Amino acid sequence: MITRIWRGWTTRENAAAYQDLLLREIFPGIAGRKIPGYRGISLARRDRNTEVEFVTTMWFDSIAAVRAFAGDNYEVAVVPPKARAVLSRFDERSAHYETVHSGPFLG
C-alpha cells in the first residue's frame with residue numbers, strides 16, 4: 001500500500017472555508033472518480049499563530065493507482081483552482097511512502 005501525504009496552509013480567516021471545500025466538494029469528488037486502488041483520505045488540521053496548516057493523507061494500493069489519481073507525474077500536487085484561491089501556500093509535490101503498518105498497534 002502507498003501513503004500519499006500533502007500539506008497546505010491558509011490564513012485563519014480562510015481556514016473554515018477551505019476545510020468546508022475539502023469536506024463537501026473535493027473529497028467527495030475524489031471518491032466519485034471511483035479510482036481502482038484508491039483506499040481513502042484523511043484530513044488533519046493544526047492552528048498556528050498566524051495561519052492554519054492542513055495535511056491530507058491518502059492511501060492507494062499501488063503507484064499505478066496513484067498515477068490514475070494524479071497523472072504520470074504523480075508527485076506533483078493535485079490542487080484544484082478553488083483550493084488555490086484560499087490557500088496561502090502549499091507543497092508543490094506530494095510525498096509517497098510504502099505503508100509498513102496501518103491500524104491499531106496494541107503491542
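View 1. Asp47 is partly exposed, with a relative accessible area of 40% (buried is under 20%, exposed over 50%, partly exposed in between, using a 1.4 Å probe and protein chains only). This is a predicted model, where local features need pLDDT of at least 70, side-chain atom pairs count only at pLDDT 80 or more, and totals for chains, interfaces and linings use all residues. Residues are numbered from 1 along each chain as its sequence is written, and side-chain values use heavy atoms, leaving out hydrogens and water. Asp47 meets Arg12 in a salt bridge (3.9 Å, N to O); the term means a side-chain nitrogen of Lys or Arg within 4 Å of a carboxyl oxygen of Asp or Glu. Arg12 sits in helix H1 and Asp47 in strand S2, 35 residues apart (helices, H or I of at least four residues, and strands, E of at least two, are DSSP runs numbered from the N terminus). Arg45 also pairs with Asp47, with the closest N and O atoms 2.9 Å apart.

**View 2. Arg39 meets Asp61.** Here the salt bridge spans 2.6 Å, N to O. Arg39 counts as exposed at 53% relative accessibility, while Asp61 is partly exposed at 37%.

**View 3. Into the nonpolar core.** The largest such core has 25 residues, and Trp6, Tyr18 and Phe60 are among those with the most contacts inside it. A core like this is a set of buried Ala, Val, Leu, Ile, Met, Phe, Trp, Tyr and Cys residues joined through side-chain atoms within 4.5 Å. Helix H1 gives the largest share, 7 residues.
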